[in-house]
Amino acid sequence: MNDERVTTDDARPAGDTSRQPKDFLRAMVERDLASGKYGGRVATRFPPEPNGYLHIGHAKAICVDFGIAEEYGGSCNLRFDDTNPTTEDPEFVDAIKGDIRWLGFDWAAERYASDYFPQLYDFAVELIERGLAYVDDLSESEIREYRGTVREPGRDSPYRERSVAENLDLFARMRAGEFEEGAKVLRGKIDMAHPNMKMRDPVLYRILKRSHYRSGDAWCVYPMYDHAHCLSDAIEDITHSMCTLEFENNRAIYDWILENTTVAEPRPEQTEFARLNLSYTVVSKRKLLELVEGGHVEGWDDPRMPTLAGMRRRGVTPSSIRRFCDDIGVAKANSVVDVAMLEHAIRDELNYNAPRVLAVLRPLKVVITNYPAGEVDWLDADYWPRDIEREGSRKIPFSRELWIEKTDFMEQPPKKFYRLGPGREVRLRYGYFIRCEEVIKNDGGEVVELRCTYDPETRGGQAPDGRKVRGTIHWVSAAHAIETEVRLYDRLFADPEPLAHDRDFKEFLNPDSLEVFAAKVEPSLAGAEPGSHFQFERHGYFFLDPVGSREGAQVWNRVVALRDSWARRS
RNA sequence: UGGGGCGUCGCCAAGUGGUAAGGCACCGGCCUUUGGAGCCGGCAUUCGUAGGUUCGAAUCCUACCGCCCCAGCCA
């Protein structure tokens, strides 16, 4: 529907964005549309609990819930599933809303399960009146015992056969605050021997004498997920209620409650899909919390975190996240997506959107011995390589003293090393050919300076005599360079599946996930806008960190490195 | 050894009885003032396994194997 949901700076030629083969969810929606099951309506919802930050796994769910509604002319509500006052906090609702908007989605309505507490309570009363729910006095541990195990049936609670009148009275008194927390719960009266554990008289309401961030002290009984979710869907006239695989067993309760309460038909239906797992990362609120609390990262928005806040801070674009979600598809098989897919989506976008500039991370001084001191030559440098049809260029200064990358020089270059070495010639990008004439070392034998000559005939990078050089390296004029901080971020974990071992996942943290450099960047970057993207040629895509940067003290985050076939083969 | 799901290339993932899409990754080659990008080519005689039905199966049947979820008054 809303094909115009624009991604501000995406200049890629409009390609075919439609997944050719439909995933099973879209196929289902199309079937329902064709059969007229919901009168042509598609209504979904994204139901986060405001107890933590959204991460890349949620992004997939958001793309499913909002994306499907959008594609089929439907609507998607944002519903905070806030039925547990002990864990929820309004701080998270704002963060969640911001993250969803950042991703480029908007909701038809903003709802809160807590706003439905009165209706939800009435539905519970209805179940009691129908003899389908009862107040149970068993303790928490007794309930567990009575539930049986996956192999053995449970036993009925001694309170299971209370009369409707007694249940009504007791439930009203629970609500009135007459009983202590844990003293009583309301349970669905289904079947204590049901093979599906979830159907063994699920708890519907518990007493929690806690004030809720929205409803305050209006309630001391709070509905459980199984009671609240399906009925909230029904209240909002949701048609397709999509959730992740771990709720498959809960679908039986979902249907049972809706079938046994007076909700409008056609009723919403739940369908499950596999949640996202990403290699080299963990996608679990609890695990991420552990990293934050253990000080392994600097916070929820640490650029190494797979949270949307972290990715935004790192410089990942929302459109590349959406593109990634499109690429991975939706299915029911548990899977671990290769993080290389995400990296590819990011590069693919930034390749078209990030102007190229020069930056030296590990500076090695080069003196051009045949270039006069004090002289400056301002060279033309295109912002875009020839294969990208965008206009724009800037001037970069060339002078006698330059910085080049330490790794672009080797005293004893191996076979296919195209860069600088004693006596070798390379091209300085947008500049001249230079030849290394002398290597200067300090007392420790470390190369600290190169003395080179340049060929004035090669200005711009071409030799009139047709001479070719294999290597082109980046550089920056020492007198003009800006000092900045460059943060190289890498995968947070060194193992593709940190959770797949018998050890603590934190043991697999990548010790090199962050490397900080005092880098020299070309002077044109002086006025760069915080939040803008550039490609530092031969390094990767960088983002001027709007949080970490200060006036005159830029902090550049590497979003993702360039593919590097040299590094791969060595 | 209960129930619910899932198993198609290293990783995702189409395919729903007519003879294995696509993407990522990888490997060649071309091109190249980013060892980037781009272009060309390669990459599952086989669909967890074993039987069976059929002219014909990844798709149907049977059995088996493997993995995930469920015993919170979390969601």
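Start with the salt bridges, 51 by count, where a salt bridge is a side-chain nitrogen of Lys or Arg within 4 Å of a carboxyl oxygen of Asp or Glu. Side chains of opposite charge can pair when their charged atoms come close. A word on what you are viewing: this is a predicted model, in which local features need pLDDT of at least 70 and side-chain atom pairs count only at pLDDT 80 or more, while totals for chains, interfaces and linings use all residues. Residues are numbered from 1 along each chain as its sequence is written, chains are lettered from A and ligands numbered from 1 in the order in which they are written, and side-chain values use heavy atoms, with hydrogens and water left out.

**Stop 1.** Select Arg173 and Glu178. Their side chains form a salt bridge, with the closest N and O atoms 2.7 Å apart. Is each partner buried (under 20% relative accessible area), exposed (over 50%) or partly exposed (in between; 1.4 Å probe, protein chains only)? Arg173 is partly exposed at 28%, and Glu178 is partly exposed at 47%.

**Stop 2.** Move to Glu485 and Arg487, which meet in a salt bridge at 2.7 Å, N to O. Here Glu485 is partly exposed, with 28% relative accessibility, whereas Arg487 counts as buried at 17%.

**Stop 3.** Next, pick Asp504 and Lys506, joined by a salt bridge of 2.8 Å from N to O. Asp504 is partly exposed, at 33% relative accessible area.

**Stop 4.** Which residues link up in a network of salt bridges? Select Asp156, Arg160, Glu161, Lys189 and Asp201 together to see it.

## Now the whole chain

Color chain A by charge: there are 79 positive and 99 negative side chains, and the centres of the two sets lie 4 Å apart. Lys and Arg count as positive, Asp and Glu as negative, with His and the chain ends not counted; each charge is placed at NZ of Lys, CZ of Arg, CG of Asp or CD of Glu.

Switch to cartoon view to find 13 helices and 25 strands in chain A. These are DSSP runs numbered from the N terminus: helices are H or I with at least four residues, strands E with at least two.

Zoom out, and the C-alpha atoms of chain A fill a box of roughly 100 × 55 × 45 Å along the principal axes. Of its 570 residues, 52% count as buried.
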